Amino acid sequence: MSADANFRPDTGEVTLTRDEVTGQSLARGAVGTALLHVERARTGSGRWETAQAHIRGVVTGPVDAAEHAGLYYGAPAVAFLLHTVADRHPRYRAAGQTLDEHVLRLTRRRLAVAATRIDRGGFATFGEYDLFYGLTGIGALLLHHHPDSDELAGILRYAVTLATRPCSEDDELPGWWVAHDPDEILPTPGGHANFGMAHGAAGLLSLLALATLRGTVVDDQHEAIAALTAWFDRWRQDGPDGPWWPQWITREELRAGCPAHTHPGRPSWCYGTVGIARAQQLAALATDDPRRRHAAEDTLAAGLTDTQLDRITEPGLCHGIAGVYQTAYRASHDALGPALARRLPVLAARLARHAPSTGDDPEGDDAAAGLLTGRAGTGLALETARHSTPPHTGWDTCLLIA
């Protein structure tokens with residue numbers, strides 16, 4: 001493999017084929033599959049020759065570094081993969097460094113666009129700030145590989161702005177309020193404020209907390225963490241199975257001061273209480289807040305009862321048992337008490353039972369591939385469960401839980 005990659009020009013003059021797009025997707029394509037094979041090779045469950053073949057499949061085509069690229073697609077996604085094997089061969093390290101330069105330039109462009117939007121007014125979008133394709137996700141990548149960069153500092157200042165400055169269109173709305181719907185089949189007239197790890201306040205909180213824990217801090221970062229935890233305190237709902245949060249709130253719900261739903265959604269990493277509780281645990285660690293730490297761990301444990309787990313019908317990372325297991329595993333290592341660790345064997349058994357519904361083999365049709373809902377994500381969580389050790393590749397840093 002050459003250290004020189006082919007990049008899509010920023011003007012978008014090159015049209016990528018469907019296979020080329022899928023090939024550089026961490027969310028649904030070949031990057032996630034390659035990541036699983038690398039993790040298996042590192043644990044001894046697989047062969048390096050297989051992992052290398054999958055890496056070659058990712059890097060042989062053009063790599064998209066245009067404005068829509070993010071942690072789960074394009075240059076940042078491929079860079080994330082190459083960093084997991086940088087110690088295996090100088091070519092991987094060189095290719096990763098080449099990609100990093102493109103990611104840093106992409107970050108500067110994205111920050112400039114976001115700053116212009118903030119100065120002119122208007123609403124944020126998922127694509128601007130979220131974990132999958134926005135600045136939060138790029139921040140997660142830079143935090144681990146360029147922690148002292150001006151670009152990461154810029155992302156943290158941007159996250160601080162979203163957390164502490166009201167929306168310019170309406171000062172009752174938080175800075176991460178979006179005017180669009182969370183899903184095309186779930187209308188939210190007037191927009192919504194998202195709570196989840198994938199697209200909302202929990203992702204912002206986790207990024208700021210993890211950066212603080214690693215000693216990367218910008219002005220007002222602690223104030224931003226306090227503002228976000230206060231948001232979660234305000235919207236916490238107490239139910240018979242423990243505290244929970246809405247997945248999002250609309251303008252009408254914001255005015256009413258309470259969510260329209262009277263019960264929580266299923267436990268999950270992406271939108272549910274499991275991911276939100278991990279974000280709050282990280283915030284508590286970052287601010288040395290034992291009360292919030294206890295509360296977050298108790299909340300997470302309450303979401304891991306058999307009654308709650310019976311509501312999960314999918315195996316994947318995003319809204320399935322794999323994401324719940326991996327989040328609980330990471331949280332258990334930071335927990336003050338043993339409650340979370342005691343639930344891990346039950347979670348692992350459920351994960352193993354769910355896995356055959358997509359299969360443990362990551363190969364297959366596109367619909368079943370990828371990290372978020374496909375075989376690769378399930379397989380990666382299974383590797384953690386089987387070996388009872390943190391991921392050798394650190395793959396779950398892309399979930400903002402570590």
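Modeller: Let's start with α8 (residues 150–164) and α9: their axes come within 10 Å and cross at roughly 130 degrees. The axes here are lines fitted to C-alpha atoms, for helices over the stretch in contact, and the angles run from 0 to 180 degrees between N-to-C directions. That makes α8 oblique to α9, given that angles under 35 degrees count as roughly parallel, over 145 as roughly antiparallel, 65 to 115 as roughly perpendicular and the rest as oblique. The crossing is left-handed, meaning the near helix is turned anticlockwise from the far one by less than a right angle (clockwise would be right-handed). Helices themselves are DSSP runs of H or I with at least four residues, strands are runs of E with at least two, and both are numbered from the N terminus.

On the α8 side you have I155, L156, A159, V160 and L162, which meet L204, L207, L208 and A211 of α9; contact means heavy atoms within 4.5 Å. Sorted by class, that's 9 nonpolar residues, no polar and no charged. Nonpolar covers Ala, Val, Leu, Ile, Met, Phe, Trp, Tyr, Cys and Pro, charged covers Asp, Glu, Lys and Arg, and the others, Gly among them, are polar.

Keep in mind that this is a predicted model, where local features need pLDDT of at least 70 and side-chain atom pairs count only at pLDDT 80 or more, while totals for chains, interfaces and linings use all residues. Residues are numbered from 1 along each chain as its sequence is written, and side-chain values use heavy atoms, with hydrogens and water left out.

Now step into the loop between α9 (201–213) and α10 (221–235), where T216 sits. T216 is buried, at 11% relative accessible area; buried is under 20%, exposed over 50% and partly exposed in between (1.4 Å probe, protein chains only). Skipping residues up to four places away in sequence, T216 touches L143, P147, L152, L156, A211 and Q221. T216 and L152 are 64 residues apart along the chain, yet their C-alpha atoms are separated by 8.8 Å.

Among the contact residues are A277, Q280 and A284 of α12, and R292, A296 and L300 of α13. That contact divides into 6 nonpolar, 4 polar and 3 charged residues.

α12 also packs on α15 (residues 321–334), at an angle of about 25 degrees with the axes 10 Å apart, so α12 and α15 are roughly parallel. Again, α12 passes in a left-handed crossing. Here V274, R278, Q281 and L285 in α12 meet V324, T327, R330, A331 and D334 in α15.

I321, in turn, is one of the residues in contact with H354, leaving aside neighbours within four places in sequence; the others are I312, T313, E314 and P315. H354 belongs to α16 (residues 339–354) and counts as buried, at 18% relative accessibility.

Zooming out, the chain comes to 17 helices and 6 strands, and buried residues make up 58% of its 402 residues.
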